[in-house]
Amino acid sequence: MRRRTIFRNKLLPYLLLIPQLAVTIIFFFYPAAQALYQSMLFEDPFGLRTQFIWFENFQTVLSSPLYLEAARVTLVFSVAVTLGAMAPALLLAVMADQVIRGAAGYRTLIVWPYAIAPAVAAVLMLFIFHPTIGQVGQGLRALGVPWDYRIHGGQALFLVIFVSAWKQVSYNFLFFLAGLQSIPKTIVEAAAIDGASPARRFWTVVFPLLSPTTFFLLVVNIIYAFFDTFGVIHAQTQGGPGRATTTLMYRLYRDGWVNLDLGGSSAQSVLLMTAVIALTVIQFRYIERRVHY
Amino acid sequence: MRMRLFHRSLIAILAAILAFGTVAQAQPVEVEFWHGFTGALGEVLEGYVAEFNESQTDYQVNPSYKGSYADTMVAAIAAFRAGTAPHLVQMFEVGTATMMYAGGAIKPVYELFEETGVPFDPEIYIPAIAGYYSDPDGRLLSMPFNSSTPIMWVNLDALRAAGLDPATTPLETWADVRAAAKSVVDAGAAPCGVSFAWPSWTQYENFSAWHDVPLATLANGMEGLGTELAINSPLHVAHLQMLVDMQAEGSFTYGGRGSAADPLFSSGECSMLVASSGLLARILRESTFEWSARYMPYHAEAEGAPQNSIIGGASLWVMQAPDRTIEEYSAVAEFLNFISTLEMAERWHLDTGYLPIRFGVYEKLEAEGYYVENPGRAVPYQQLTLNPPTENSRGLRLGNMPEIRAMIYEEIELALQGQKTAQQALDTAVERGNVVLRNFQRTYE
């Protein structure tokens, strides 16, 4: 007879779950429902005159060429930030894994950028890269590079990508390092004994075993690039110059807070939520299959 | 037994004293006042509020800084929707249309004074300012407070370093300014020749008034909700094209949106800056060179120029809330009365670069010789009242103006980046802006 553990108390599990469920309902489901409702209204900023207009807001948003432009910018931005945050983090983790002396010191220093608030990091980098008062900015101009992100859209986009990725490297580094350290040394040694070069060992043995971590970080980084990079963009370029750094998230903020078009902004947030949910579902369905647990 | 009785009576006596004490001292009526001032200006304003609070015990005004003008507006609207609107909020001039049409969210100032019985005379304000904040029947909707106008700040030391004598170098027209800026940059006297802050306010809204051309139809929106933008006229396009050319030759450097270009003057980076007269406080504190204030430049080809400039800055709006009492409104009315006396208007003008908004202040200071001792301080007022206002220079009343400004910023930047011609940029700005105006019209008709 196999012994099975049966939990006798029927009520206790639900009671234990209620706090978490309450938080999820109050801070996620309720605002999402509110956004869905507001996206079908046409109202003045004060909420004193509202008209129910079904899906007209969605129509207006999706047919606007500027929305598609923002979608394009967001795509470029997210891919660049994700790659720019994960690749250096992997490299640093691999190197930190092999270091023996001062390992704790390196790890501490690499983790520090994560503790900096996005707006603070943005202003910090602004001062470093500013064309006239920043060290790097002045240096670039002295070398003859026409560096001025207040006028050149491509440079502004590069700057916000750089700062957003820089901040996220620490987070990815921590997870990659933990992932690397959980790989049994015996497997890697066995590959070495079989005559595999370090690069071969890494790409055929270590990297596939790292795939759960990589998959997790991919999902987290994409969500970060979509939503949490707002602070950096707002502090540095405010979506400009022109519309070069206006991502979907930033456009949503502009329409909601500055332009006080709450219906249009809610419609955009519903679309963004749907897009990210779809993206995550796709990732779980297709990419997770290739993950070795 | 005795100790218990003693303890009980002691407690009873203490409770009685406390209760009596609480009842005897009436709590002052508290009023929340949200403003968008930082630094020197914030200190001056909060100083005035403290004076009001100390001068009497019935009312207490609690000032709080809620972020920039745009942030303060959004915060006030969000608070209203949550039922916790502040009593008094400082709203920038481009939010006027949105606040005016807000119906049940605001209490017009003339109504406030009528209902609370606090005496008030609306005729004390000069027409350029009263007209901006009144309804079509001439009744004051918000309380004017800090009104500025853009002028040109000039770094005299930089001009001299470039070999230009400030006393004889003409800086009246844009052609003059362009030539001087080019000399300054070529001589290496400053990295940037000329620039401007608040691009939409200085280069479109005030530009149109200064040159007596329409910014929008229907008297810049004053006469109806069916207004349309007119900033793609030949003069506007020529001006933007000139700026693009000036950037290419190095005499002009774009300083960014909003107030981003403000620090460029006092830091010495730009030798000339078209910016708010309210920048004075900062320039006095930070600049290390000799400077002067002048009228904004104009284009000599425009017949109507120079006409007069229009105001910027902000005014104070009274907001409604479900449980607001008449005592709270009385507190607000008394505070507004306090800061609008002749003495306070004069002090505000002297402590900051803002305009003297009441009749009598300018004349009094002129008679005292203040403007002779402090040249440049009279320039904003003189520019504002240079000529009697025409239809194009009374001010503007466009709905969702913050959104329209953002569009103008974007299109200017695209033209400066060379991605569009000046004509295309302004045509697009007009097209997009008109969509916003039609949406505003749809909300309120």
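This is a predicted model: local features need pLDDT of at least 70, side-chain atom pairs count only at pLDDT 80 or more; totals for chains, interfaces and linings use all residues.
**Entry 1. Chain A overall.** The C-alpha trace of chain A spans about 75 × 75 × 30 Å along its principal axes. I then checked burial: 31% of the 293 residues of chain A count as buried. For contacts in chain A between residues at least 6 apart in sequence, I noted that 68% join residues at least 24 apart.

**Entry 2. A helix pair in chain A.** I next examined helix α3 (residues 65–98) of chain A against helix α10 (residues 211–228) of chain A. Their axes lie 9 Å apart and the packing angle is about 135°. I recorded the crossing of α3(A) past α10(A) as right-handed. On the α3(A) side, the contact is made by A:T74, A:F77, A:S78, A:V81, A:T82, A:A85 and A:M86. On the α10(A) side, I listed A:L217, A:L218, A:N221, A:I222, A:A225 and A:F226. Sorted by class, this contact has nine nonpolar and four polar residues, and no charged ones.

**Entry 3. The contact between the chains.** Which residues meet here, and how many come from each chain? I found 27 residues from chain B and 21 residues from chain A. In chain B, α3 (69–81) and α19 (401–416) each supply at least two residues of the side that touches chain A. α19(B) gives the most to that side, with eight residues. By class, I noted 13 nonpolar, eight polar and six charged residues on the side of chain B that touches chain A.

How values were computed: Residues are numbered from 1 along each chain as its sequence is written. Chains are lettered from A and ligands numbered from 1 in the order in which they are written. Two residues are in contact if their C-beta atoms, placed from the backbone, lie within 7 Å. Helices (H or I, at least four residues) and strands (E, at least two) are DSSP runs, numbered from the N terminus. Ala, Val, Leu, Ile, Met, Phe, Trp, Tyr, Cys and Pro count as nonpolar, Asp, Glu, Lys and Arg as charged, and the others, Gly among them, as polar. Axes are lines fitted to C-alpha atoms, for helices over the stretch in contact, and angles run from 0 to 180 degrees between N-to-C directions. A crossing is left-handed if the near helix is turned anticlockwise from the far one by less than a right angle, and right-handed if clockwise. A residue is buried if 20 or more other C-beta atoms lie within 10 Å of its own, exposed if 12 or fewer, and partly exposed in between; C-beta atoms are placed from the backbone.
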